[in-house]
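Student: I have a chain open on my screen and would like to go through it with you. Could we begin with the pockets and then move on to other topics?

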Amino acid sequence: MNITYQSTRGGERGLTASQAILKGLAVDGGLFMPDQIPQLDVSMGQLAKMSYQEIAYEVMKLFLTDFTEEELKGCIARAYDEKFDCPEIAVLSKADGDYYLELYHGSTIAFKDMALSILPHLMTTAAKKNGVSNEIVILAATSGDTGKAAMAGFADVPGTRIIVFYPKGGVSRIQELQMVTQKGDNTAVVAIHGNFDDAQTGVKKIFSDREFEKRLAAKGFQLSSANSINVGRLVPQIAYYVYAYAKLLENGEIADGELVNVTVPTGNFGNILAAYLAKRMGTPIGRLICASNENKVLYDFFSTGVYDRERPFILTSSPSMDILISSNLERLIYLSCGCDAEKTAGLMEELSRDGRYAVTEDMRAFMADFWGGYADEKENASVIQAVFRSCGYLMDTHTGVAAAVSRQYKRETGDERKMLIASTASPFKFSGSVLEAIQGRLDGGDEFAVVDELSRISGVPVPAAVEEIRTALVRHTRECSPEQMEEEVADILGC
Ligand SMILES: *Cc1c(COP(=O)(O)O)cnc(C)c1O
């Protein structure tokens, strides 16, 4: 079966998977979607016996149908190797009655590694398949984790460059240090005087500037995206939900076919959309609980059917979820109106013009699998503390949002199904907030003193990714306003 990709806004259709991965974003500003959602063609019983890499292949082969078996298995083998600190790649931990799916065992200790360790391989394979000779320039806007994970993936990959924009003051100190110390001659980092949405909007604007595209092409460059709008990120993320279910089954935690609910700490809606696609492919998943922090635009959307980004942008202790324009929601919108590209384009036009849109009752009914909730800073800290005190399990502030919302969900609905919680970052990436949550206060001391204290009281060793930035040299000092992003790119590339 051959799957092709089309823009959610109708401007492009009939692309192969490799073409969609190379482009990242469609020229009309839409996101690429497969023309159908394939069904898993092996049983959960069979999947239960497989390794992470084997399951990733079973999932990805169904979407990336123009990649050969050899190409895809090669990409998977190079991505999911010793860069991860455990052979399972993703770890299931049971704590306080819930299952935490730890997605942070890769090289930058955030779940972004799950997709960004394979994207460079998918992209260079796609470039070869399509006879691309230009150098591929990856532009990424980051709320903290994507930038580092993308650079770690693309650093020194021949034929590629990567430029990352992050909001100055909008990421944790550890996140910032991880980025500005990045090695690799093909990497560049720019701090934006603005928030994440400014950075993301700026990147999207550069992508849709045809004049700029020509200017770059004249110098042998072409742009692509490593943000979660790229299908090359979405598809690998589906694999770990299938894997989690298969492992719960193998470990005797669930019966075959038993529905499991999933809570995902959500920002750009990529991770939870992957869980939804895993469900649509045949994984027995019940409700999808969308957990937001105080930037609760998605909670409001699921409770009212109105998406309204006109509100203050709040900086929280879960910065990777500080987002008001949740890009991947467009893919759910598209599915919910029967893949009506005109309808989707109209709603997105309303969003950029009026800052809001409302979906129809039919579209809302289509989304009934989703349940939205949000946690404020206090609820977040209190669940991190409660779980640590009850069983010694340490979680980061993003996972804390999910844990708090999963409890709300159970309270409000009485749904007693087993709960899988996506755990998206190592607690050491947000040591200050985590230590403060556990102790109820934070004594002074620099970032690394806090890291050491967290390690001491939890008995969890400091991850290598944090150790290595203790003494690393700052290599990137560029800053600019959101309006100057395009010129900054030109300057970096020497165009
Ligand atoms: C990116 C990120 C999220 C949000 O994921 P989306 O796919 O953007 O919804 C949550 N937690 C952490 C730690 C992240 O890095």
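Student: Which helices each supply at least two residues of the lining of the largest pocket?
Tutor: In this predicted model, they are α9 (196-207), α14 (329-336) and α15 (341-354).

Student: Which helix gives the largest share of that lining?
Tutor: That is α9, from which six residues of the lining come.

Student: What is the volume of the largest pocket, and which residues are the closest to its centre?
Tutor: The volume of the largest pocket is about 620 Å³. Its lining has 29 residues, and the closest to the centre are Arg 9, Thr 201, Lys 204, Ile 325 and Ser 352.

Student: How does the lining of the largest pocket divide by class?
Tutor: There are 13 nonpolar residues, eight polar and eight charged.

Student: Turning to cavities, how many of 30 Å³ or more are there?
Tutor: The count is six. The largest cavity has a volume of about 280 Å³. It is lined by 27 residues, of which Phe 111, Lys 112, Gly 267, Asn 268 and Ser 320 are the closest to its centre.

Student: Which elements each supply at least two residues of the lining of that cavity?
Tutor: Those elements are α7 (145-154), α11 (231-250), β9 (260-265) and α12 (270-280). The most comes from α12, which gives three residues.

Student: And what classes make up the lining of the largest cavity?
Tutor: It has 10 nonpolar, 14 polar and three charged residues.

Student: A change of topic: why is helix α6 described as largely enclosed by the rest of the structure?
Tutor: Helix α6 covers residues 119-129, and eight of its 11 residues are buried, so the rest of the structure largely encloses it.

Student: Which residues of α6 are buried?
Tutor: They are Leu 119, Pro 120, His 121, Leu 122, Met 123, Thr 125, Ala 126 and Ala 127.

Student: What follows α6?
Tutor: Gly 131 follows α6, and its phi is positive, near 60 degrees.

Student: Finally, which domain does UniProt place at residues 4-80?
Tutor: The unreviewed UniProt entry gives "Threonine synthase N-terminal" for that span. Residues 4-80 are 44% helix and 8% strand, with the end C-alpha atoms 26 Å apart.

Student: What does the annotation say for residues 102-418?
Tutor: There the unreviewed UniProt entry lists the domain "Tryptophan synthase beta chain-like PALP". Over residues 102-418 the chain is 49% helix and 16% strand, and 16 Å separates the end C-alpha atoms.

Methods. Residues numbered from 1 in each chain as written. Predicted model: local features only at pLDDT ≥ 70, side-chain atom pairs only at ≥ 80, totals over all residues. Heavy atoms only, no water. UniProt positions renumbered as here; feature names shortened; annotations may be inferred. Helix = DSSP H or I, 4+ residues; strand = E, 2+ residues; numbered from the N terminus. Buried < 20%, exposed > 50% of the residue type's maximum accessible area, 1.4 Å probe, protein only. 1 Å grid on protein atoms, 1.4 Å probe; cavity = no way out; pocket = protein on both sides within 12 Å on 5 of 7 lines; lining within 4 Å. Points joined across faces, edges and corners; volume = space filled by probe spheres on them. Nonpolar A, V, L, I, M, F, W, Y, C, P; charged D, E, K, R; others polar.
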